[in-house]
Every structure is written in structure tokens, then in C-alpha cells.
Amino acid sequence: MNPLSAYLLLSAMLFSLGLAGALTRRNAILVLIGIELMLNSANLNFIAFWRYSPHPEALTGVMFVIFSIGIAAAEAAVGLSIIVAVYRHFRTTDLDKINYLKG
Amino acid sequence: MPEMIDQIFVRLMHWIIGYVPTSLQPLCSAILSAVAILVVFATIFAIITVLERKGLGRMQNRYGPNRAGPWGLLQPAADGIKSLTKEDIVPHSSDQLVHLMAPILIVITSFLVYAVVPVGKNMVMADLNAGVLFFFAVGSMVELSVFMAGWSSRSKYSLLGAMRAIAQMISYEIPLVLSGVVAIMAAGSLSTVTIVNMQAGYTGIWPHWYLFTPWGITGYILFMIGATAESNRCPFDMPEGESEIIAGYFIEYSGFKFALFFVAEYLGMLATSAMAITLFLGGWAAPFSFLTWIPSWFWFFAKLLLMMMVFIWIRGTLPRLRMDQLMNFGWKFMLPLSLINLFAAGLWHFLPSGPTRWSVDSLLLLLSCFLLSRGLRRNKWFQERTYRFAS
Amino acid sequence: MLGEGIIKGLAETARNFFGSYVNKERLTTVQYPEERLPRIEATRDFPFLVYDGDDWEKGLRCVACQICEKECPPKCIYIEKSKDKKPDAVGKPQNYPAKFDIDVSVCMSCQICVEVCPFDAIKMDVQFELSSDDRFGGLLLTKDKLAKSNEYYHEIHPTEAAGVDAALAEDREKEKEKQRLAAAAAAAAAAAKAAAAAAAPPTTVAATKDGAGSGGAAKEEAK
Amino acid sequence: MTISFLLLAAITITGTAAAMSLKNAVHCILALTLGMVGLAALYLQLGAEFVGLTQILVYVGAVAILAVFAIMMTRSRTSETAAGSDPSRFSGLVTALLLFTVLAVAICTGISSQTLGGTPPEATVHAVGVALMQRFILPLEIIGVLLTAALIGAGMLAIEEKGEGR
């Protein structure tokens, strides 16, 4: 196995962990964390591909990760404030119980 | 000969490393530097504690500690022995692992930031490409250990203290970093060594420190206020306000773990002061051109000690702020002023050198400082107190 | 201007800092074990027992009436009354404390025991350096540790002690006067009875009426 | 496949797995920071110094603290039962496992075992800065606008409306 596929495997594992967390957890904050984790596994992919690419001096992968981290930070801030706002209304962060629109 | 004394520690290390095989040399060098940092800064911590207590005492017209050893100089040793021999109490309902990890983590991170601080010519443990970024990144981990300490104790006081501490730290971290950015902009590098080198050189006897520019002095003052808040020092010591929440986030700690928090607080203060020296005070450079024969490391530690004196002086003078005052000051004064300071630093770069840029920059900063302070003052919603029963 | 007050405050602390090195009078600290402040006369803490004369066991003024034990708010006094009686300063037989303990770790120096003592036997001390290695025994003051002479009392609280002595002397004077009167009355009654017995045996009723105040001895004689 | 890579990968996987499986939400966040530090170390190992340090600054210094604050403000001590107890949980786990299998097979078969990248590339802060200011100036500005919007939006969302407070 070459180093690139090792990093990709690790990234795939992180992505699956994030997905499993986002699908199985009930707490909205932890679901958000699972989504963050998936974003991060994509970042690891970008960096690994940049490192082993034929033209690393173009810095495309690094740039992508920088922007991705920026977006992830914005997402976390907005997502957590939405959770706080929702909590104020429902008095819970359990996603299974926030089902007013359920038919 | 001055060159020889200046480089004496560097030569000593090279001499020691010469005895180990080549493959182990980087590791050995790192370990030696780490040990040196541990010993030197722990010693400075000990000196600062006794100086602080004596200085505060003198400001309040009393003696301060004067029993242990000559003039009380062995007081830190006595305190250390006392805290080591005290019983280590862990609250029954606490989260044992997190409770144990918090003081360890906070001390490790406090020591880690010294890796990028240049204490003298050629005397830096790791000249990282993004040294200043490393400093702030590792420094931000302190907040997490503060939270760990406060949360794991399962005590209302410690949780309140931790929440106050974190709110304060993240509010003041932004102006802290932004006010440091002006020096990075001027030097064009994130490496601490490069920043210091850019400030080398003298005009007449005066050095080229960033402190001696309008944006430099503004940035320095903002940085120092931010550093005071970051290290939970007076007048921003509300997270550990003894009179209201007893000791804040480390109330449930005792014995040596408590001492570790104490060490970490002082190390954080020393570290941010060292960073301020690096960014604005020319690092290890001598303050006058005719004093360059004195070794560089002496100047660094002299500046560090001087800044500690200022910290002690301020602690002896100012009362504790209230939460709303703290937040108002952070968000409504420090943050806008540091942004304007960034603009002023950019302006300085593009204006022709001479009195023009001096006057434009100073005018801009003074005016904005004046207006922002007006804004702070206007926000007084207190009414005159009336005493119903005591007229 | 922003920061004006801060600069004023910094100047003030700097003045204090340097002033404390120049002007020794600024430092009001007393280096306690080596130097001490002069004690003012009204100083008082934990109580002690006063005795008259030289022998503390004989001269204790305390008669084990246990009022102080009952009044003590934190209940730090423990008294055991003696079975027998001993003559007190004026020669009257009184009880004495077989045991008199004060737990000074409990005592709060409220001085209520002193206020209530009808015999001026318990007074406030000035001794405050009572720290001890022994947490229980070291802080439990027994009778022998509590007993201190009247001269000592005069030494620590001269004005108060003089007043107490005067009052005591007056009391004793009264007591002696009373005893003298009683003795005289008893003597008179005895004389009267003797006279009556000599003169007319059937007039005992009148004699008892006469000697009603002169003690039980006469009455018993009369019966 | 050096020892340092294996070690850092183990730290990262342990941290994230713990973050996704522990019961106590605060423990999850603390475990997540461990995973993020491991990830940042992996970035450093790959030669992306700036990105690695930014990762620590953003995730440990900001996102973890924000999440912790959100947990403290929402008091979400609801009974979080162990995962996999009901069908939806089970299906979620199976989905993730299937995805991982597909990805792993694709990675192992898709990439030929040719030797890649001899010397690690240099992503100096200077080069990153130049790229940000020249080639990537538009995305940078857009990110700036996005972050400002997110800051204001998050503030507006989290502010307690008047009369709503109970």
C-alpha cells in the first residue's frame, strides 16, 4: 500500500465515523459534530492529494482546505446558534422530539 | 569577546551535542532546549511570585513575605514544599479522568508556546515558518483545559468561573491576535525570528522597534490589555474573583494540582509578554545602539522582567471589572480600535516616509481612540442611587 | 480622556511603593513575635479563675454555684461541685469546684460568665497565644491552669481589679458586720434565755417571741 | 506508512470514534478535540504547516468551545441511550459501514501502487499568502463576506427576543 491510499483509507474511515454519528445520534449538537467530522475527512483528502500530486507548488489543495475550514467555522457558528434557538422553543435538543411538522 | 558571551549558551549546546551520534542530534538538541526552557521559565516563575508579593505589599505599605530565607526570597520554595505535601482531594462526584487531565494539559500547553519564543540571538527552540500562528493556536488550547477543570469539578462555582473565563478569553483573543497582526504585516512574516530581525538596526542611538510608530504603540497597548485579560490577571480577574466565586474554575483543586494552575497562569502571562517583546519591543535587541555589547539574552530577560513589573503595578492599582464593563470594553473599544490600527498600519506602509505619515497615522488613531472612548462613556445607564432608609 | 483615572491610580501606587522604602513611618506592620504592640488595658479574651492569698487551692473565690456553666452560650464550661465544704476567705464554709474545665477551643470570649458571677471569681484574661500541638488536651484548660492570683489580675486590669477589690471588701465588711450582728444577737438571745431560765421557767413563750430573730439555737433551746 | 503516521492515525480514529460513541456530550466534544489535534498533526506531517495550525486554532480554540457553550446553554442531559438499540440506529450504522466498505475497496483497487511524491512540497506561509492574494482573491473575499454574514446571523439567532425569555 502506498502512502496516499493509507491517507485515503484513514479519511474514508473518518467520513464513515462522521456519517454513523450523524445518523445515529439524537443530540442535535453531536449530529452537527458528525457533519463537521465529514468535512474534515474531505480536508484530509485534499491535503493528501496535494502532497502526492505532480504539481504541489500550485497549492490548490491547501487553498481548498483553508476555505473549507472557514466555511466549517461559519457552519458551526450558525448551526449551534440555530440549535440554541430551537432549544429555546422546544426545550430539548433531541432531534427525535422536534417533530411538530410530522404528519 | 561580547560575541563570545552572547553565544555562550548556543556554543555550550553545540559542544554537548557533539558527543552524541549524528542521527540522534536533532532529538538531543530538542530535549536540551526543552529542558532549558523548563528550568529557566520555572525559575522566573518562582522569582516573579515572590517579587509580586513583595511589590504588592510595598504598594499597600506593608512588607510582604520576609520570613523564609533572607528577605523572604525562599518563599517560593516553601510554597512549593507546602503544596507538594498537601493532601490531593478529588471531589467524589467529579469526572476523575478529566479532572486529572485539566491541570496537566494546561501546564503542557503553557510550556509548549515557548518553543517559538526567541530568547536571544540564535536561541529559539523551533524557528517555525508560522511561529506566531503556532503561538496563538497552542495558546487557544488553554481555554479548553480551563473548561475541563471547571466542568469536571461538578461544582457550581467552578462551572461559573470556567464559563466566565472562556467568555472572557474568546472575547479578548480576537483583539489580541488582531493587534499582533500589525507587526506581522510590517515584517511580512509569521516567523518570530524574522520579525525580530526586521526590527534590528538603529537610527542614531534609537532602535527600529515597531513600538516607535503610531500603530506600533497602539498595537502594543492593545496587545498588553488583551494579554492581561487572556491570563486572567487583575483587573480582568473576574473568572477567579475570590469575593464572588471563591477561586473560579480551580476551586475544587488542592495540593499540587492547584499549584499547577498557578504555574500555568504565570507561564501564560510570561509567554504573552515574551510574544509582545518579540512583536513590538525588538525581541533580544538592545534599547540603545551603544549598549549592544551586552549579551542579547540579557536584554530579553530584562525586558521580560520589566513587563512583569508593569503587570504587578497594574494589579496593585486597578479594581476588578464587572462582566458588562469587560464585554463592553472588549467588543466596543478594543476590537474596533485594533481594526482601525490594522488600517493605520497599512496606511503607514503606503504613505511616503516622513512627517506626513506620522501625522496622518497619529491623527487617525488618536481621533478614533477619542471617539470610541466617548462611545464607552455614553453607555452609562446607571441612575443616581437613592437610599430609602438611610437619609 | 480615557485612562486618566488609571494613570492617577498608577501614580498613587508608585508613590506608595517608593515611599515605603524612603519613609519607614508608612509601614505600620508590627513584626509580631519579635515586636509587639503595647497592650491596652481593656484587652480581654478567655476567662480565668481568681484566687486570693498564696495557695491557689485554698484561695479560689469560686464556690461552684454553676451559674456560669448554665449561662455560657457555647457551653464550654464544665464544673463538678465538691461533696464537702471548705471555709472561704471570710471563714464561712462553702462548696468549692472539684473540677472546673474550660474548653478554649469552644469559648468565644463573650464575657457572659464574668457578668453573671456573683462572687467575682471568674475574670477575663489577656493570654491569646494558646496554640498547641494537642488538639484536645492542649486546649482544655483545667482548674490548675485557670487559677491565677489576684495580683496577676491587678497587673492586667488594674482599674477594674481595684473596683472589684473595693466591692469585695465592702461585701465582706457587710458580711462580717452581719455575722457580728448575728453573733451578737445570738449572744443576746443566749443571755436572755439564760436570764429567763434563771428567773421564771413558765414564761418561755415570751422569751421565744423575744428571741425570734436571734437564730435557731435559741428556739431549740426554748423547745 | 511510517510509525508516526500509524500513531497519529490511531489517535485521530480513537478521538473521533469516542466523539461519536460516548454518552456524555461534553466527553464527546473533548474526544473530538483529541481527534482534531491528531488530524492537525497529520496535516503538519504532510507539510501543510499553515493548515495544520489553523486547524488547531479553529477547531480546538473556536468550534469545540462553541459546542461546549451550546451544550451548557441547552442542558441536553436527555437520556441518550446506547446507539444501535432501535432500527433507525441500526440502519444508520449499516449505511456507514457499507459506505466505508465501498470506499475502501475503491481506494485499494483504484490507485495503482506506484511510488508517489518523493520530496515533501513546501507550503510556506509566504506562498500561501501570495496565492490567497493573487489567484484566490475572489474566494477569499467571498469567504470574508460569508463569515461576516454568519457572525451577524448567529448573533441574531442566538439573541433572546424580548418577551420570549421565560
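**Figure 1. The contact between chain D and chain A in a predicted model.** The contact takes 69 residues from chain D and 60 residues from chain A, where two residues are in contact if their C-beta atoms, placed from the backbone, lie within 7 Å. On the side of chain D that touches chain A, at least two residues each come from helix 1 (3-21), helix 2 (25-45), helix 3 (49-74), helix 4 (87-110), helix 5 (125-133) and helix 6 (137-158) of chain D; helices (H or I, at least four residues) and strands (E, at least two) are DSSP runs, numbered from the N terminus. That side of chain D divides into 52 nonpolar, 14 polar and 3 charged residues, with Ala, Val, Leu, Ile, Met, Phe, Trp, Tyr, Cys and Pro counted as nonpolar, Asp, Glu, Lys and Arg as charged, and the others, Gly among them, as polar. Of the 3 pairs of chains in contact, chains A and D share the most contacts. Residues are numbered from 1 along each chain as its sequence is written, while chains are lettered from A and ligands numbered from 1 in the order in which they are written. Because the model is predicted, local features need pLDDT of at least 70 and side-chain atom pairs count only at pLDDT 80 or more, whereas totals for chains, interfaces and linings use all residues.

**Figure 2. Confidence in chain A and chain D.** The pLDDT, the predictor's confidence in each residue on a scale from 0 to 100, averages 84 in chain A, with 96% of the residues scoring at least 70. Within chain A, confidence is lowest in helix 3 (residues 60-90), at a mean of 87, and highest in helix 2 (residues 28-51), at 89. Chain D averages a pLDDT of 81, and 82% of its residues score at least 70. Where pLDDT is low, the predicted coordinates should not be read in detail. The model scores ipTM 0.73 and pTM 0.80.

**Figure 3. Packing of helix 1 against helix 2 in chain A.** Helix 1 (residues 3-24) of chain A packs against helix 2 of chain A at an angle of about 165°, with the axes 7 Å apart; axes are lines fitted to C-alpha atoms, for helices over the stretch in contact, and angles run from 0 to 180 degrees between N-to-C directions. That angle makes helix 1 of chain A roughly antiparallel to helix 2 of chain A, given that angles under 35 degrees count as roughly parallel, over 145 as roughly antiparallel, 65 to 115 as roughly perpendicular and the rest as oblique. The crossing of these two helices of chain A is left-handed, a term used if the near helix is turned anticlockwise from the far one by less than a right angle, and right-handed if clockwise. Among the residues of helix 1 of chain A in this contact are A:L4, A:Y7 and A:F15, and those of helix 2 of chain A include A:L30, A:M38 and A:A48. By class, the contact of helix 1 with helix 2 of chain A has 17 nonpolar, 7 polar and no charged residues.

**Figure 4. Helix 12 and helix 13 of chain B.** The axes of helix 12 (residues 255-280) of chain B and helix 13 of chain B come within 10 Å and cross at roughly 120°, which makes helix 12 of chain B oblique to helix 13 of chain B. This crossing in chain B is right-handed. The contact includes B:M269, B:S273 and B:I277 of helix 12 of chain B, together with B:F300, B:K303 and B:F311 of helix 13 of chain B. Its residues divide into 10 nonpolar, 1 polar and 1 charged.

**Figure 5. The contact between chain B and chain C.** The contact takes 12 residues from chain B and 12 residues from chain C. Helix 3 (25-59), helix 13 (296-317) and helix 15 (355-378) of chain B each supply at least two residues of the side of chain B that touches chain C. That side of chain B has 5 nonpolar, 5 polar and 2 charged residues. Chain C and chain D, by comparison, have no contact, and their closest C-alpha atoms lie 29 Å apart.

**Figure 6. An open antiparallel sheet in chain C.** Three strands of chain C form this open sheet in the order 2-5-7; two strands pair if DSSP finds at least two bridges between them. Strand 2 (77-81) and strand 7 (140-141) of chain C stand at the edges, each with a single partner strand, so one side of each is left without a neighbour in the sheet. Strand 5 (residues 97-103) of chain C is joined to strand 7 of chain C by 2 bridges, and C:I102 stands opposite C:L141 in strand 7 of chain C.
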